[in-house]
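Here are some friendly notes to read alongside the structure. Take your time with each point and look for the residues as you go.

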Amino acid sequence: MDKKYTWAIEDIYSSIEEWNKDFNKVQKLTDFSCFKGKLNNEQDFYDCMKKQEKVFRLVEKLSVYAYMKHDENTKDSFSDELLSKISSLSVVLETNTAFIVPEITSLKKSVIQSYIANPKFSEYDYSLKNILKNKEHVLNNDEEKLLALSGEALSSFKEIFTKIDNADLPLATFKYKNKNYKLTHGLYSVYMQNPDRELRKLAFKKYYEAYTSLINTISSTYYGSVKKDVFYAKARKYSSAIESALSNEDVPVVVYDNLIKSVNNALPLLHEYIRVKKSTLKLSSFHTYDMYLPLVKGADLKLEYDKAYSLVIKGLSVLGKEYTELLKKGHDERWISVYEQEGKRSGAYSIAVYDTHPFALLNYQKTTHDVFTIAHEMGHSIHSYYSNKKQPFAKADYKIFVAEVASTVNEVLLAKYLLKNAKDKKLKKYLLSYLLELIRTTLFRQTQFAEFEEITHKLVENGEPLSKDKMCSEYLKLNQKYYGKALANDNEIKYEWARIPHFYRAFYVYKYATGIISALAIADRILTEGEKAVKDYFKFLSSGDSDGPVELLKIAGVNLEDTKPFESAFKVFKDALEEFKKL
């Protein structure tokens, strides 16, 4: 492998010896007992915060290095040892610092307010405001201890589902036309894009047969997970599990309500898209196993990596010279691990280190999808770059709620650039179908999941049992509502909820939908308003975790407490659909 296509991991640590030096340093700094019971004193509070920052900055470097070494070659046992060492040390640190937030929370309201007003503590003002806001939901010491003790016992539902989904699910090999086909989660996605319709249908039915065979166990596991969510919400005096989950990320419940309501109002657009898909594919009936079949074939951008990267730079040039220079810097200074290698982790991601620069992992192939993946992951990386550069360590790590915004802005801007400059009709149709599918899967589909979560949690909150039949019935009704009459009623789809791992991290999936809504609104504003919108967007990228995520998005011109961004997103979908129909 040419070195220029590997990431410069030495920018974090030049050698294992350097890594070990910092590891040994952290080992000597794990004791925080001298601060217990003293956080009502300004100087002790300040000293505790500064020590915590020093230690966790080092832990971040150690962890990211070990993680990246592991992903370079997952077969390397030495990197497993590094990961194990830093993981064990992190547990010790988390245990030794676990008293900090509860102790700050127990301080008098006037003390916390004085800390917030003190310029010396400006790095911690937002986290202190959150602690103050949630103070009413913190119980007395004995009750908090009981909740902490219950945590381990009630946190196993996700692990149980993971075991079922990855170890116990009977995904057997099936036979078709005298040939054996292996069935796995990854291969199922591949089969769903196979041009042979009978193969797709058989793979679909066999895949859901596996979930049906374990539906009683999966139903009980998910029911337990929902009851856990409701229990913690009630114990902490929240009005609902949704309010509890969103409060942890400082997101008003009205954002969730706006999402569900706006998407429901826009469902006729999705119904029209399904009719267009059915017509384009020339199918007399349109089934779930036809959903992922490409609408346009043979229009891939088969570009070498360096040419693809240059195209991404051109596509994002609307963001200005500073942004494109950063993209070039990432390319030239080896922020990116580019190609697939034996043992290398699959997929793609971006990871940040406060004291160096972000890194991105790709497994680049010459496809249009992988060109967009470059734009996507570099969106994450440059977001992290600005947050780390402009914010103190305590405010640099932005919340998951906004994590997918910058990456999706890049994808939308690249798609718009390619559409504008596409000379080939087939390529233009392909790009439009790419944009339509991006919105369908990220906005509509994830909102369908979010609505299902809302239904299941409300049922339990109202004291109703969550049986397998009830869940399947509710999910089937949702699926019919979302996709309309153009989609045939495949009985198997009522079990789809049973295969979604994100449901075990309650009220998470809606963030994908709000992320793409925000990204579409920001991209549209950049393309129509120009420099002013770009400046606002850069302020957002530089804001880290300095305020609530909904407030930070307002800097970029997106107010999710209002319905306008939602309407703007559906307009993009509608315009792309109309253009696709004309072509």
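This is a predicted model: local features need pLDDT of at least 70, side-chain atom pairs count only at pLDDT 80 or more; totals for chains, interfaces and linings use all residues.

1. Let's begin with helix packing. Two packed helices are described by the angle between their axes and the distance between the axes. For helix H2 (residues 42-72) and helix H3 (residues 77-96), the axes come within 8 Å and cross at roughly 155°. An angle over 145 degrees counts as roughly antiparallel, so H2 is roughly antiparallel to H3. The crossing of H2 past H3 is left-handed.

2. Which residues bring H2 and H3 together? On the H2 side they include Val55, Phe56, Val59 and Leu62, and on the H3 side Leu82, Leu83 and Ile86 are among them. Sorted by class, this contact of H2 with H3 has eleven nonpolar, four polar and two charged residues.

3. Now compare that with another pair. Helix H16 (residues 321-332) and helix H17 (residues 368-390) have axes 11 Å apart, at an angle of about 110°. H16 and H17 are therefore roughly perpendicular to each other. From H16, the contact uses Glu322, Tyr323, Leu326, Leu327 and Gly330, while H17 supplies Met378, Gly379, Ile382, Tyr385 and Tyr386. Seven nonpolar, two polar and one charged residues make up the contact of H16 with H17.

4. Next come the charged side chains. Side chains of opposite charge can pair when their charged atoms come close. How many salt bridges does the structure hold? There are 43 salt bridges.

5. One of these joins Lys395 and Asp125, with 2.8 Å from N to O. Find both ends: Lys395 lies in helix H18 (residues 393-396) and Asp125 in helix H6 (residues 125-133), so this pair links distant parts of the chain, 270 residues apart. Are these two residues buried or exposed? Both Lys395 and Asp125 are buried.

6. Lys228 and Asp229 also form a salt bridge, with their closest N and O atoms 3.6 Å apart. Lys228 and Asp229 are both buried.

7. Lys477 and Glu474 make a salt bridge as well, the closest N and O atoms being 3.6 Å apart. These two residues sit three residues apart in helix H22 (residues 468-483), which means about one helical turn separates them. Lys477 is partly exposed, at 46% relative accessible area, whereas Glu474 has 14% relative accessibility and so counts as buried.

Definitions and conventions. Residues are numbered from 1 along each chain as its sequence is written. Side-chain values use heavy atoms; hydrogens and water are left out. Axes are lines fitted to C-alpha atoms, for helices over the stretch in contact, and angles run from 0 to 180 degrees between N-to-C directions. Helices (H or I, at least four residues) and strands (E, at least two) are DSSP runs, numbered from the N terminus. Angles under 35 degrees count as roughly parallel, over 145 as roughly antiparallel, 65 to 115 as roughly perpendicular and the rest as oblique. Contact means heavy atoms within 4.5 Å. Ala, Val, Leu, Ile, Met, Phe, Trp, Tyr, Cys and Pro count as nonpolar, Asp, Glu, Lys and Arg as charged, and the others, Gly among them, as polar. A salt bridge is a side-chain nitrogen of Lys or Arg within 4 Å of a carboxyl oxygen of Asp or Glu. Buried means under 20% relative accessible area, exposed over 50%, partly exposed in between (1.4 Å probe, protein chains only). A crossing is left-handed if the near helix is turned anticlockwise from the far one by less than a right angle, and right-handed if clockwise.
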